[in-house]
There are 2 protein chains.
Amino acid sequence: MDIAALKAELDGEVPLEENPRILQQKSRDFYWYSPVLKRQLDAVAADLVATPRSVDELHAALGSAWRNDVPVTVRGAGTGNYGQAMPLAGGLVIDVSALDRVIEIGEGRVVAEPGAILAKIDEATRASGQELRLSPSTYHTASIGGFVAGGSGGVGSIRWGGLRDAGNIIRLRLAALDGSIPSVVDLTGDDIAKASHAYGTTGVITEVEMPLAPAYAWVDLLATFPTLEGAVRYGETLAAADGLLLKNVAVVDASVAGYFKRHAPYLPAGEAVAIVVAAPFAVDDVARLAARAGGTVTLRSDQLDEATRARLPAAFELSWNHTTLRALRVDPAITYLQVLYPQPDICGKVLRIAEIFGDEAPTHLEFVRFDGAVGCFGLPLIRYTTEARLDEIVAIHEDNGCPIFNPHRYTLEEGGMKETDAVQLAFKRRADPKGLLNPGKMIAWDNPDFDYGKPYLFPTLAR
Amino acid sequence: MDIAALKAELDGEVPLEENPRILQQKSRDFYWYSPVLKRQLDAVAADLVATPRSVDELHAALGSAWRNDVPVTVRGAGTGNYGQAMPLAGGLVIDVSALDRVIEIGEGRVVAEPGAILAKIDEATRASGQELRLSPSTYHTASIGGFVAGGSGGVGSIRWGGLRDAGNIIRLRLAALDGSIPSVVDLTGDDIAKASHAYGTTGVITEVEMPLAPAYAWVDLLATFPTLEGAVRYGETLAAADGLLLKNVAVVDASVAGYFKRHAPYLPAGEAVAIVVAAPFAVDDVARLAARAGGTVTLRSDQLDEATRARLPAAFELSWNHTTLRALRVDPAITYLQVLYPQPDICGKVLRIAEIFGDEAPTHLEFVRFDGAVGCFGLPLIRYTTEARLDEIVAIHEDNGCPIFNPHRYTLEEGGMKETDAVQLAFKRRADPKGLLNPGKMIAWDNPDFDYGKPYLFPTLAR
Ligand SMILES: Cc1cc2nc3c(=O)[nH]c(=O)nc-3n(C[C@H](O)[C@H](O)[C@H](O)COP(=O)(O)OP(=O)(O)OC[C@H]3O[C@@H](n4cnc5c(N)ncnc54)[C@H](O)[C@@H]3O)c2cc1C
Ligand SMILES: Cc1cc2nc3c(=O)[nH]c(=O)nc-3n(C[C@H](O)[C@H](O)[C@H](O)COP(=O)(O)OP(=O)(O)OC[C@H]3O[C@@H](n4cnc5c(N)ncnc54)[C@H](O)[C@@H]3O)c2cc1C
């Protein structure tokens, strides 16, 4: 890598930054949620940060990286949790946050630049009564490109499934790292999988086209239950209710609810909680079903006075990894896992796991639609002690039929299905023949014969 | 019953009709789909028809029926298939077709009078970009009150489930037959079940409030497959695709497709067909998945010229009981059944049944969402021979784990779960203490100890 040559080529063309504090800052994401990643990745830093003001400038940076063999890691807003945006091999970080235009809004569609923040896109589409289908709970900070490249779903998944499900991304425009002038390709249909959730290892997303859903005046509800079982069964009932238009359904046990400080007045001690976001015309049914399930609706945002409503965080910010964040703020020793509780008998599996771990792994569930059925993901808090115990907790989940998507791994494979994604690998051979894009994140590229029995260690991280 | 006294009371107040031809016509629905019902109900006729021009006039008619002990059967558009709207005990038919106002349109809601035709409601709501969530394939002719009181779901059920699922009806206003001045009650939440799908036995619906969905420029697709299995698997795939906004997914085998005369140019002989209605932004994915499943997209309404599109019936009019209708027009000896193919292995069950019956029961499937999962209803055509054989066909389905909702029965119970609906029965005791509303349709009222081993026969029908 000849970073000096790259710098010389780009100087005056593309805004560059080499202040060490900024290099460090732009080389980090929310990897510190994981004590494992924190230990492994703390020293990771880019040599240079480029912040293109246009797609042309982005292309120029890619061309120069090609000529000078400089690794390139793209950065959206840097809110990923797995070190996705961290440049393990150093080199250039391309910060796309200035490429944030909403280009076009149509019926059921929006076209945007990758750096556009999700909430900003919705501000633009709301005039037409539309909004994004899916967003992470980092809605107010995350970029659409980062969500597509590094996220998986979240708020809205109770209705629309996951980000990679057919229909949830319409088109991605990709710039390759394959020459002095990057090839540009539009991906649609099956081809979207070449770049979605690829951590930017197969090209740089320069434009996205996403489907829109109708924007309603969503209502937040909290319903509390004497038992975790009551709350879980209620969550399942809502998740299965095809006629109720919902945007999010989460369930947490009493000890997790204890971390929701601002909502304390609505959360009786010792009670499990269902956190629901519903369309206005579904709210009465959501409340009625809570009562029938033995719960008490303690908060309805449509019945709060304006001042109270403005003071409280939105319900979706008690969900997904914001739940973890609220716990971490109180107790920095906490971390988390990502669990799939498969059908059938979701509730039975949840209760069995809860009983095995007790307060070591407080329960946090997110209900979604998964391949046309009710799905349930867990993001349990983990009261962390050692890496060995963490691995044990993972193994016990899997032994009990609940697969783990390990958030303490920085590679695509280990955080996912622990197998080669043949489509992405084949595409990377064309789009990034030198292997310069986000090195160390795709094991299949580095070491096709890797044995998933032990964690992967990218060479630069070996100390 | 003193029909003469009722007539005297209402004369000059409410439009009345006693021309025998009109009495017969207004006493019939599409019961003749069933050779069994045709035999049983052919002689059924009201003594008088009232066509109130306002809810007040409707109340007046009910009050008079109360005073004079006259049975009352409400009629919407008379498109039911089970003789629901047929006055088994004679008496008064109240035709609500003149009560057809759309009263109010809000965000996600519409309030209408019961006689409003579904397509007319959508015409009114479309200005706000909204439409009804669910409609029968008789969309252009059926009334909203009749749909709520006598229907179950249909177009839209692939997204929203059935009409009785929580959230799919917001409110029903009901007039009871309980005095000279009828009580009026608004039903919401769980109480809706007291009047939905009750065939008007528990009160007369005088106002409905229904949820609305966004109205898109829906696109029709036909995809043909060399085998029935290919088409069924494709239907299942679409039904499970949470990210694809679909409005209807039906599958028919090659012999059923042979009855779609106007679509013949798009239907290669011998091929099974999937009939899909999709949002514009889902169409490319629907087509792509068809190709991947080994199918050929032979029609896309968004790619037809205007003249062709105007000439062809809409895809939803190849679905639900319109499929049966098209076959009946060619071969009047055909009838049908209603089958539930339960999870798991929907496709296996469909193919087994198809193999057992061969051309005696050509396959017609409608995919829906059912309690949060993919559901599959069959409306197979039946090449009718005798009632005994029809009963045998029913029994063979049930022996193979596929319950039948028998469309050859005019009672609520026999067409449904073959058990007393305790909620409706209890409510009827208050709303219709004399048992004058649509007599003979609720077995639990007439004979609480009825043994469902044999078909029910209402006394007036015994000859
Ligand atoms: C509190 C909290 C809650 C969260 N909740 C959720 C959630 O509900 N659902 C969820 O899926 N995630 C969640 N996350 C993870 C993360 O916030 C989201 O995935 C988010 O969408 C990432 O967007 P970003 O702009 O921050 O991406 P970044 O972190 O900047 O990047 C993510 C990945 O995408 C790559 N990338 C970024 N931009 C591009 C581009 N233009 N082209 C190619 N590659 C690119 C990066 O290299 C990196 O590998 C959460 C994280 C936190 C801290
Ligand atoms: C070709 C064809 C296709 C069909 N497809 C479907 C389908 O996809 N899905 C489906 O569910 N059905 C279907 N049906 C059945 C029927 O068309 C629908 O259920 C329709 O909604 C009935 O409406 P209607 O106005 O014709 O009701 P009617 O037939 O007039 O009445 C139906 C029942 O409701 C009662 N009723 C009517 N109005 C009121 C009121 N105001 N208050 C109380 N009770 C009342 C009547 O007494 C009767 O018992 C189909 C029928 C045909 C012939």
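Visitor: Is V286(A) buried or exposed?
Guide: V286(A) counts as buried, because its relative accessibility is 1%. Buried means under 20% relative accessible area, exposed over 50%, partly exposed in between, with a 1.4 Å probe and protein chains only. The model is predicted: local features need pLDDT of at least 70, side-chain atom pairs need 80 or more, and totals for chains, interfaces and linings use all residues. Side-chain values use heavy atoms, without hydrogens or water, residues are numbered from 1 along each chain as its sequence is written, and chains are lettered from A and ligands numbered from 1 in the order written.

Visitor: Which helix holds V286(A)?
Guide: Helix α10 of chain A, residues 283–292. Helices are DSSP runs of H or I with at least four residues; strands are E runs of at least two, and both are numbered from the N terminus.

Visitor: What is V286(A) in contact with, leaving aside neighbours within four places in sequence?
Guide: Its partners include L221(A), Y234(A) and V276(A). Contact means heavy atoms within 4.5 Å.

Visitor: New topic. What is the strand order in the open sheet?
Guide: The order is β1-β2-β4-β3 in chain A, with mixed pairing. Two strands pair if DSSP finds at least two bridges between them.

Visitor: Which strands stand at the edges?
Guide: β1 (16–17) and β3 (72–75) of chain A. Each has a single partner strand, so one side of each lacks a neighbour in the sheet.

Visitor: How many bridges join β2 to β4 in chain A?
Guide: 3, and the two strands run parallel. A50(A) stands opposite I94(A) in β4(A).
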